[in-house]
Amino acid sequence: MVEYWSPSLAGFSLRAAATSDEGRTDKLDPRVYAASLAYCKGPYYAFYTYEEHHDLKASTPKETGNAVGGKVRLGPVELGDTFQEYEKTHLARKRSWLLSLAYFLGKNEFIYQYQNAHGCGAQGAAQPDCD
């Protein structure tokens, strides 16, 4: 795996990674590419990530994923969210989101999270909510 982590510049940082095809066979050529852009300054944090998988399994030749989210801390309260979307060959597009609330009291942290996902079934099938 080759990785690059940039230094932070005005709160922004970039990370990227790629794998080689060490597990290559006559039918599969597995590799992964990933990148992220983040902003972190003061009480604010925001990010975007992208990841792409090729030939990790014979049944799923390609997978891609995107995520965006962030959080803000206001005194002892932290609010955050994440939205993710995945696509896999032969499967329906999957989308999920997460909301979080944290309260800090001394060395203790109280956390509440709620997550919802859609698109958990096979392509062409009815897509249930995946709560």
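Some questions and answers on ring contacts follow.

This is a predicted model, where local features need pLDDT of at least 70, side-chain atom pairs count only at pLDDT 80 or more, and totals for chains, interfaces and linings use all residues. Residues are numbered from 1 along each chain as its sequence is written, and side-chain values use heavy atoms, with hydrogens and water left out.

Q: How many aromatic pairs does the structure hold?
A: Rings of Phe, Tyr and Trp (its six-membered ring) pair if their centres lie within 6.5 Å; planes under 30 degrees apart count as stacked, over 60 as edge-to-face and the rest as tilted. On that basis, the number of aromatic pairs is 3.

Q: How many residues apart in sequence are the parts that F12 and Y39 tie together?
A: F12 and Y39 form a tilted pair, with 50° between the planes and 4.8 Å centre to centre. Strands are DSSP runs (E, at least two residues), numbered from the N terminus. F12 lies in strand β2 and Y39 in strand β3, so the parts tied together are apart in sequence by 27 residues.

Q: Is W97 buried, partly exposed or exposed?
A: Buried means under 20% relative accessible area, exposed over 50%, and partly exposed in between (1.4 Å probe, protein chains only). The relative accessibility of W97 is 30%, so W97 counts as partly exposed.

Q: Which residue has R15 over its face?
A: A charge sits over a ring if NZ of Lys or CZ of Arg is within 6 Å of the ring centre and within 35 degrees of the ring normal. R15 lies at 3.5 Å from the ring centre, over the face of W5.

Note on methods
Helices (H or I, at least four residues) and strands (E, at least two) are DSSP runs, numbered from the N terminus.
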